[in-house]
Amino acid sequence: MRWGMVINLAKCTRCHACIAACRIEHFLPLGMTWPRLIAYETDIPGQELTTLPVRCNQCKEAPCVEVCPAEATKKRPDGIVYVDNNKCVGCRYCVVVCPYQNRTFFSRDKDPGFFPGHERTRFEKAGRKLYPHVSGTTEKCDFCMERIDAGMAKGLVPGKDREATPACVNTCQARALTFGDLDDPNSEVSKLIREKNAFQLHPEYGTEPSVYYIDSKIGNAPSNVAPRAAQTASHMQHLSTMEARAREIFKKK
Amino acid sequence: MSRMATRQWMVTHEWMVKPMHQREWIERRGIMIWIAETFTSLGAGLYLVSLFIGSWWGLLVGWLIIMFLKLPIHIAYFGKPWRFYRTMPPFSNAWKTSWFARGILFSVFFVSFAFVQLVFGQPDIARLVGHAISDPLYYIFGVLAGINALGVGIYGGFIMKYVKGIPFWNQGLLPVVIMLAGVADGFGLAMAVGLAGGDASIAWAETGSRYLLLINVLLIVTYLISAGYTSAVAKLSIRELLKGPSAFMFWGGLVVLGLAVPAVISIIGLVGAEVSDILLIIAVVSHTIGAFALKYCILKVGIYRPLLPRVAAY
């Protein structure tokens, strides 16, 4: 089993919902963003500026895992690469070595609080209990492994059942993100990769990323204009599931 | 949303699709890496040179540089400095794959073995325990410390060489360039030890420095030429070095002070004229500035290939 993601660039509406969902899911400090929507210029008329959603590629041959001197970055049997913040020494070698620049060193200045100069809100405090972002260490996207684990423990299937699927995939109102098992030839991600000629970023590095892209002409699709109502609805939908999950975790504690 | 507004809204991560500099190891706290790496080269280089020319004072200064300058600065750079022990066995077996972990091990072994060597090399202690005991120990630990000093001097090059996203660093020659530059600067510092009244032979140090300078010039030129052939981004790095924002450090710090000035002073000694102490001090200072400039240049022009392989010919 190896979890992977397919991002259809033709469908991506650059609504930033995936980024917002991740921020909400992990209570990310303001200076920290795990998935990113990077902007770039093209020479396509009417599409001078377009975007590419990126996140940790969860590489099969992850250089960050190999170089970490404290073995704080680890790869799970299901292919997810994660950082153990209790072990990370903050040397930042992984940040430098990641050819996709998808790791962030979390320094104090990246955590001004939601209301700088004021005490943390109850929401923030509650978030820190769930996800204690440790300053002085490195962070990155981990495909929402807690959701996957919790969902699978209930017998749910990541990529199919919302509760076991990464927050960004759930939130994407254009269904540009697909999640599933790359090792299963019948999974939706495998089919998409096969049928739509999905590509990885910089395959020449030999890192074998688990995030694939489908590109008609990068970002140049009519679906680029998203109805605002759809965005709002998907945000609200995600927020409601988050609240339920947070309640559940607090009840256990 | 108007195009201008979109542009403002999205400008944050635009850099990721353009060739951009690595910043973690040269800007803000990253300056500590630059300084620590330079002391690594200087300390390891001086230690190796001192082993070669048999200078106890040189060994001591080399050990002090690694122990009290390189290691503390390196550890202070960590986000969690007090966790540094986690990089070593038995807490971590990362040395199997990570040059960073190997470097830390080399450093720890080096400071330990070199300490024992220094103790048994100290004349009073040697006399106290007897030369029959101290001499073999001095040589055995000298070999062990020397091997680890080599590791300390070269691991920084391997660390950078491993970064595939930065083509200027991803060159097989980089560890050799860094190692030999360290040895050349070690010869420079050995001159300083001799000048300060230590037991290092200035003549030896001068001769060694002369050859190493020549080899380094050839290596750096070869490195720049070979890197230029690898990719457009590496070429961009070289352009930055030669005529970009880092040109002042490259030409002024590395070429003029690090290579030309010591070479000219060395040639004065070669043609027979007596080299005054002032000139030797200038040579030592130039060498050391050159060491800082070399590391700065390498770290500063580390430019990533852009993320998107299709939008540009990088």
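This is a predicted model: local features need pLDDT of at least 70, side-chain atom pairs count only at pLDDT 80 or more; totals for chains, interfaces and linings use all residues.
**View 1. The side of chain A that touches chain B.**
In this view, 36 residues of chain A are in contact with 37 residues of chain B. On chain A, the elements that each give two or more residues to this side are strand S2 (36-41), strand S3 (49-54), helix H2 (63-67) and helix H3 (93-97). S2(A) contributes the most, with five residues. Sorted by class, this side of chain A holds 24 nonpolar, seven polar and five charged residues.

**View 2. Helix H7 of chain B and the residue B:Gly197.**
Helix H7 of chain B covers residues 174-195, which makes 22 residues. From the first C-alpha to the last, H7(B) reaches 32 Å, close to the 32 Å expected at 1.5 Å a residue. Of the 22 residues of H7(B), 18 are buried, so the helix is largely enclosed by the rest of the structure. Just after H7(B) comes B:Gly197, with a positive phi of about 95 degrees.

**View 3. Strand S1 of chain A with strands S8 and S9 of chain A.**
Strand S1 of chain A spans residues 3-8 and is mostly covered, with six of its six residues buried. On one side of S1(A) lie A:Trp3, A:Met5 and A:Ile7, and on the other A:Gly4, A:Val6 and A:Asn8; both faces are covered. S1(A) runs antiparallel to strand S8 (residues 177-181) of chain A, and five bridges join the two. Within S8(A), A:Asp181 is the bridge partner of A:Trp3. With strand S9 (residues 211-214) of chain A, S1(A) pairs in the parallel sense over four bridges. Here A:Asn8 has A:Ile214 of S9(A) as its bridge partner.

Definitions and conventions: Residues are numbered from 1 along each chain as its sequence is written. Chains are lettered from A and ligands numbered from 1 in the order in which they are written. Two residues are in contact if their C-beta atoms, placed from the backbone, lie within 7 Å. Ala, Val, Leu, Ile, Met, Phe, Trp, Tyr, Cys and Pro count as nonpolar, Asp, Glu, Lys and Arg as charged, and the others, Gly among them, as polar. The expected span of a helix is 1.5 Å times one less than its number of residues. A residue is buried if 20 or more other C-beta atoms lie within 10 Å of its own, exposed if 12 or fewer, and partly exposed in between; C-beta atoms are placed from the backbone. Two strands pair if DSSP finds at least two bridges between them.
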